[in-house]
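Subject: Structure handover

Hello,

Here is the structure we talked about. Please open it alongside this email; my notes follow below.

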Amino acid sequence: MRLDEDITTDSIAESHDDDASQVIESVAFDFGPGVSRRSFVQLLGAGIVISMTAGSPAAEAAPPASREGQRRGGGGGRGGAPINLGARIHIADDGTITILTGKVEGGQGARQQLTQAAAEELRIAPEHLRMIMADTDLVPDDGGTYGSQTTPRTVPAVRQACAAARDLLIALAAETWKMERGGIEVRDGAAVAINGAAGNGATSQSLAYSALIKADRASEAFKQAVPRDVQVFAVREWKVLGTPMPRPNRHDLVTGAHHYPSDIILPGMLYGKILRPPAFGAKLASIDLAPAQRQKDAVVVRDQSFVGVAATTTWQAKQALAELEKAAQWETPPHPSSSEIFEYLRQNAQGGIPANPHSDLMASAAKSLKAKYDIAYVQHAPMEPRTATAQWSDGKLTVWTATQRPFDVRRELANAFRIPEERVQVIIPDFGGGFGGKHTGECAIEASRLAQAAGKPVGLRWTRAEEFTWAAFRPAAAIDVEASLDDQGRITSWHFININSGQSSIASPYNIENKHSQYVESAPPLRHSSYRALAATANTFARECFMDELAHAAGIDPLGFRRQHLDAGSRLRGALEDAAVRFKWSERRAANAETEAGERHGVGLACGMEKGSFVAACAEVAVDVAQKSIRVLRITQTFDCGAITSPRNLMSQVQGAIVMGLGPALREEMIFKDGKMLNAAFKSYTVPRMSDVPEMDVHLLDRPDVPSAGAGETPLIAVRRPSATRSSMRRACACAACRCGWPSKLQVIAIGGGDNSVAAGK
Amino acid sequence: MPRFNAVITLRVNDQDVAVNSDLPAERSLLEALREDLHLTGTKYGCGEAQCGACTVLIDGKPAFSCVTTLAQAQGKSITTIEGLAKGEVLHPAQRAFADAEAFQCGYCSSGMIMAAAALLSRTTTPSDDEIVEAMDGHICRCCGYARIKQAVKDAAGLART
């Protein structure tokens, strides 16, 4: 067991081409060289399998690296199949149909949505389908669950495979009945001869799928790949998709019966704790393990800078950890603090901050403006902190954990322990929230290292403080914007620089002749991660705030100013106008120009597009001048993500995204100093609660004529980095200045003073 | 120094159960429920009474099991999410949460439902303000508060019938 390199936090894992925008900073482990195979058939029973095959549309839903892996598995067929043959559908001899997917369920509704998709194409009641998600020994690699990709990629892949299965079942029925395929349809899990036209001695007009797969030809027929031209049902033929299907596991969620990853308990299992550095970047200089080792039943592990303990209960593990903490000596390097982070990020912009290529237009314009926006580091803070339960058996490692990238975490584990990926099984039970933050496998690796040393299964459950401190962060952003206006109030040039946080939505959707937008890396002091909508929140916030500045300078209403820079009939303008009408924008804006005693109201709006969907939000806020506090009174949001497949889940996603977005808009901000996180707790990092929820009017624009886009992220961007609420705030404050991108600064923005007032700093 | 009890007996979901008696009575009720009794429906969310995921009923009142010691729980009647239904019949709060789908990931649901059950035991006609007050100690990071609020109202309706 050796550890060749220190654990570092600066290695960027390779990511699939298609998903290059994902921010994935794995923690590098190498625990050196360290399995009976579970049979697919043992688990699912004998039956028939439809697999993803290279080149088929179903396979193309997976990233290229994964397709390569699938080729190893090869075809399909009845019984005796090799492990993980990329099976998409299994029809057991008893007729039980199982759908398999590498996607995970972290609350976003993929289990429900994919069940709907399969039920639609197989024409079978959803409750008769079983869905196995993210068990790397069983399921095809559908890529990570991120980037709003389940809807546009995995739903079609599942539909294609299920439609292919349906075609094969119809063909088998046609052969059995010796009639044309056109005379047969499927419904309720059976092939049915239309008009009872089964001919030539058929005694039944209906054959259940379970009966059809017993046909001699069945296993041969099912070996073929999913053909390219397989026809899925058109939107107008949908019977299950587009309807509000109940969540499949709702009963288990309300009875406590569902086992989340942190609920996995194995016989003889120990509970682990990891020694964390006292500050970011601190290196372990020395440690005396003896006091911890004297604790009852404690297994203490040191593998270079990795130090951990496992014991019979968490309480005992904590006592041993306390001994380790007392006995450890650290060397702590300097680390920038949150109070200076934006200056630090600007100073460390790689290659410097690019100059405005349109500076001549800025100089000659009727009006020109510049602004800087700062967006703080925030945490995902899912309700279930990182967790893993690891078990070694005959050299095979099995880990139950929560990650959005099961196959990549399998690879991380294989690399850390220098064993083949085939000896690692990663299982992801439906888990307690990810929001883009659970991409990497450090917790799985830590639990596995403890289990390896203990010779027993080990469960590791991170604490809330660990989650706040050692999970990766949504990157902070320093954004510089410049633009020029002509005397008609049209934007003539646009220069937009995002330092450090990313390029999602960095391109302005507005019609501007001379546009320059650029993302510049910095030297971030904290470990980065994706976050719901990635940098689209920061970029949309800065852009929409600045659009308000420009509108004000041009003397045009913010709504009218945006409209004149968007094509009539465009989806974004459609969403914006819909939201404005529902909100009664003009009426509320006029009303809110007046102030009330002690409290000033204001309205704001914002819009944006990301990952193929379009969103606009209007908000009304109240600012208590004396208390320097903000209440969001109401938000009206219109969202267009194409054809709606799961309306009930979609509404839940959009409402949740709006409220989640209010957190960083109003309060959330990680505060750190001297390498220590100062607010790593819910009492000091204050996420939205029920009392923060404004009146919400959400309108989902259904577009059956447009392919469905994912919807878990974009509904957040018009609120989060609250273009809407923040600009409302500024209007409420009659404050035309721009340094309002940061929650703590927001609290002390100067109130009043007319159009030329400037926001005060801290 | 921690006090060690010879035996710690708890009454959980109408059954007397013994928990690890080698450990001090300062150990949390949450840990004993999950690790000793395998009642994993009660969740860890923060360990400091800030998020409500660990909520159980102690003598009918909602309590954060993460900051409740075994010593404090001894001799009292504890109800966890696993013991809320009467056999196969779900508690109105459970039915309402399931029907309204007042969850995304559902990790907060046990605590939310226990808090709702406690509220309904006090009143079956809670006002909006009373609902917010009863639920505001509970965090849902999926931020499904709109449906949770509706589910509590629905549960009150079910409890009245």
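Two strands count as paired here if DSSP finds at least two bridges between them. Please also keep in mind that this is a predicted model.

**The sheet in chain A**

With that rule, four strands of chain A form an open sheet. Their order is β21-β22-β23-β26, and the pairing is mixed. Which strands stand at the edges? They are β21 (599–610) and β26 (695–701) of chain A. Each has a single partner strand, so one side of each is left without a neighbour in the sheet. From one strand to the next, the twist averages 15°.

Now the pairing at the β21(A) end. One position to look at is A:Met609, which stands opposite A:Phe614 in β22(A).

**Helices across the sheet**

Two helices of chain A are worth a look here. Helix α18(A), residues 571–583, lies across β21, β22, β23 (629–640) and β26 of chain A. Its direction is at about 130° to β23(A). Helix α20(A), residues 647–666, lies across β23 and β26 of chain A. α20(A) runs at about 130° to β26(A).

**Helix α4 of chain A**

α4(A) covers residues 110–122, 13 residues in all. From its first C-alpha to its last it reaches 18 Å. That is close to the 18 Å expected at 1.5 Å a residue. Is this helix mostly covered or mostly exposed? α4(A) is mostly covered: 13 of its 13 residues are buried. Next comes A:Arg123, which has a positive phi, near 50°.

**The two domains of chain B**

Chain B splits into domain 1 (8–83) and domain 2 (92–160). Their centres, taken over C-alpha atoms, are 21 Å apart. How many residues of each domain are in contact with the other? On the domain 1 side of chain B there are 15, and on the domain 2 side 13.

On the side of domain 1 of chain B that touches domain 2, two elements give two or more residues: β3 (55–58) and β4 (61–64) of chain B. β3(B) gives the most, with three residues. By type, the residues on that side of domain 1 of chain B are seven nonpolar, six polar and two charged.

Best wishes

Note on methods:
Residues are numbered from 1 along each chain as its sequence is written. Chains are lettered from A and ligands numbered from 1 in the order in which they are written. This is a predicted model: local features need pLDDT of at least 70, side-chain atom pairs count only at pLDDT 80 or more; totals for chains, interfaces and linings use all residues. Axes are lines fitted to C-alpha atoms, for helices over the stretch in contact, and angles run from 0 to 180 degrees between N-to-C directions. Two residues are in contact if their C-beta atoms, placed from the backbone, lie within 7 Å. The expected span of a helix is 1.5 Å times one less than its number of residues. A residue is buried if 20 or more other C-beta atoms lie within 10 Å of its own, exposed if 12 or fewer, and partly exposed in between; C-beta atoms are placed from the backbone. Domain bounds come from an automatic or database domain assignment. Ala, Val, Leu, Ile, Met, Phe, Trp, Tyr, Cys and Pro count as nonpolar, Asp, Glu, Lys and Arg as charged, and the others, Gly among them, as polar.
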